[in-house]
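Let's read a protein model together, one feature at a time. Look first, then ask.

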Amino acid sequence: MSNNHELYKVFYWAAKTGSLSKAAAALYLTQPSVSHAVKQLEDRFGMALFYRTSKGVTLTQEGSILYSYIEQSQILITLAEEKMAALKNLDSGELRVGGSDSLFKHYLLPYLEDFHRRYPGIKLHLNHGTTPEVITFLKEGRIDLGVVRMPIGDSQLEVRESIRLQDCFVAGAGYSELKDQVMSLEQLLQHPIILFSRNSRARMTINELFQHYGYTIKPEIEVGSVDLLIEFARKGLGISYVTKEFVANELQEGSLFEIKLDVQLPPTHVGIMTMRNMPLSRSAQQFIDMVH
């Protein structure tokens with residue numbers, strides 16, 4: 001038993017119990033092994049650490065000084081072991097997730113509510129941003145995982161596909177004459193278009209689609225949130241490009257209607273993004289298992 005930590009553990013239990021036999025029982029060792037460990041420490045320091053009595057052992061003055069330090073380390077080790085057990089059992093810890101406002105609100109919220117209900121000891125930290133910003137958050141270690149629109153072409157990242165969404169153009173009552181028409185992209189561009197202003201994956205996708213057909217889409221209005229895209233379309237300020245699933249209520253109640261086009265808009269795939277070859281925390285892995 002030459003490992004310093006093991007020697008100190010034996011010393012701690014002998015001092016704590018005042019008995020070599022009780023220390024042996026607590027550590028599942030033989031009494032000769034405990035006696036040998038104590039002697040090794042005493043030989044190493046060149047001083048006696050215990051008085052041997054008929055009732056057991058008592059710390060010397062030097063032994064008491066050593067015990068005051070060893071006791072603190074043993075308490076910290078015990079706390080560390082308890083903390084690791086709590087992390088394993090998801091009784092404590094944190095979950096850091098990155099994503100867009102719209103994905104948090106319309107997709108992730110039910111999962112986050114369920115996760116919080118199951119594991120109330122886990123602190124939730126949500127970081128909002130566009131796909132490029134969420135990638136930066138992940139690489140800087142500010143989040144455990146990101147929920148983003150695909151595709152993601154980065155060898156440092158691993159992306160698990162989660163759900164499929166469908167983007168579309170929508171308008172309000174002010175454009176009711178377009179409700180039953182099937183429009184070309186050229187006809188669509190004759191009306192004011194409202195797009196998300198930031199460098200989002202959705203904005204890049206619609207730009208690429210129009211470029212593919214030889215057009216450039218120039219928005220009349222740019223806004224900073226999906227909620228404003230929806231509200232501006234409802235108020236008749238233009239035709240907004242939004243995710244269909246995010247305006248399901250508005251489409252059902254009739255405050256918005258979908259613009260029919262003569263080309264098919266491609267679906268959007270949403271993925272859960274993590275750093276490749278990096279271990280996940282227990283909370284992050286559990287959340288991915290719930291969502292995926």
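Q: What covers the buried residues of H4?

A: Start with the terms. Buried means under 20% relative accessible area, exposed over 50%, and partly exposed in between (1.4 Å probe, protein chains only). Helices (H or I, at least four residues) and strands (E, at least two) are DSSP runs, numbered from the N terminus. Here, the cover of the buried residues of H4 includes helix H1 (4-17), helix H3 (31-45) and strand S2 (56-59). This is a predicted model: local features need pLDDT of at least 70, side-chain atom pairs count only at pLDDT 80 or more, and totals for chains, interfaces and linings use all residues. Residues are numbered from 1 along each chain as its sequence is written, and side-chain values use heavy atoms, with hydrogens and water left out.

Q: Which residues in H4 are buried?

A: They are Gly-63, Leu-66, Tyr-67, Ile-70, Gln-74 and Ala-86.

Q: Is Ser-64 buried or partly exposed?

A: Ser-64 sits in helix H4. Its relative accessibility is 36%, so Ser-64 counts as partly exposed. Ser-64 and His-5 are 59 residues apart along the chain, and their C-alpha atoms are separated by 18 Å.

Q: What follows H4?

A: Leu-90 does, and its phi is positive, near 60°. Ser-92 lies in the loop between H4 and strand S3 (93-99).

Q: Is Ser-92 buried or exposed?

A: Ser-92 is buried, with a relative accessible area of 16%.

Q: Which residues is Ser-92 in contact with, leaving aside neighbours within four places in sequence?

A: Contact means heavy atoms within 4.5 Å. Ser-92 is in contact with Lys-83, Ala-86, Leu-87, Gly-121 and Ile-122. Ala-86 is also one of the buried residues of H4.

Q: How many helices and strands are in the protein?

A: There are eleven helices and 13 strands.

Q: Why is the protein called more spread out than a compact globule?

A: The radius of gyration is taken over C-alpha atoms, and the globule rule is 2.2 Å times the number of residues to the power 0.38. For 292 residues the rule gives 19 Å; the protein has 32 Å, well over that, so it is more spread out than a compact globule. Along its principal axes, the C-alpha trace spans about 105 × 35 × 25 Å.
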